[in-house]
Amino acid sequence: MNASSLLTASARTHPARPASAPRASAPRGGSPATGPAAPARMAPGDIAADEFRSAMASLAAPVTVVTCYDATGTPRGLTASAVSSLSLDPPLILVCLDRNSRTHDVLVSADAFALHLLGPENEALAKRFAGPTDQRFENVPLSSGPTSHHAPQLADCALRLTCTRYEVIEAGDHSILVGRVTASDCLGSPAGGLVWHHRGFAHAKPAETTP
């Protein structure tokens, strides 16, 4: 399926961008306890970083918010677009986290986290969680659902997945956080549809079918 055929580009862009996909891969190393291994240097023949970043701008990516509690029980979170399902049995998802993010260490160390799938109506929420760390949860309503004690759950979100940490893999300048999905909370409205494409928000919609 051609992703570009499903996209209706938003007329607005915003300088705050969700976390990007990993720019390089490296052997596994480090851990939440000992810290990540040093990223691999570019090797001869690697595509230039700016060229790779420009190419990846053409790859539409889902916009999500990932949340957890830190060691003091304080809610933490960020906007992430490098997200994918990984396995059906067991049910696994992955989130790629920039190791320079101030929320990186908290997320890879947390026992559980919540992944929020955002819709077009959630652009402001996505921008907030890509902004200043200490303002992300200001005036953001949280749900008190049955799994909210595992990870903070944003109330204004159509679909939330609660996950336990399954594995953390170091890959270049990102960490791949693998979560095992333990619960799915749906508010009944259509979920998803907010994507990051060509350095701006875009809205996905079902492709028109020909009778």
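In what order do the seven strands of the open sheet lie? The order is β6-β5-β9-β10-β11-β8-β7, and the pairing is antiparallel. Strands here are DSSP runs (E, at least two residues) numbered from the N terminus, and two strands pair if DSSP finds at least two bridges between them.

The model is predicted: local features need pLDDT of at least 70, side-chain atom pairs count only at pLDDT 80 or more, and totals for chains, interfaces and linings use all residues. Residues are numbered from 1 along each chain as its sequence is written, and side-chain values use heavy atoms, with hydrogens and water left out.

Leucine 159 has cysteine 186 in β11 as its bridge partner.

**Aromatic pairs**

Two aromatic pairs are found in the whole structure. Rings of Phe, Tyr and Trp (its six-membered ring) pair if their centres lie within 6.5 Å; planes under 30 degrees apart count as stacked, over 60 as edge-to-face and the rest as tilted.

| Pair | Centre to centre | Angle between planes | Class |
|---|---|---|---|
| Phenylalanine 129 and phenylalanine 137 | 5.0 Å | 85° | edge-to-face |
| Tryptophan 196 and phenylalanine 201 | 5.0 Å | 80° | edge-to-face |

Phenylalanine 129 is buried at 1% relative accessible area, where buried means under 20%, exposed over 50% and partly exposed in between (1.4 Å probe, protein chains only). Tryptophan 196 is buried at 11%, and phenylalanine 201 is buried at 3%.

Notes. Helix = DSSP H or I, 4+ residues; strand = E, 2+ residues; numbered from the N terminus.
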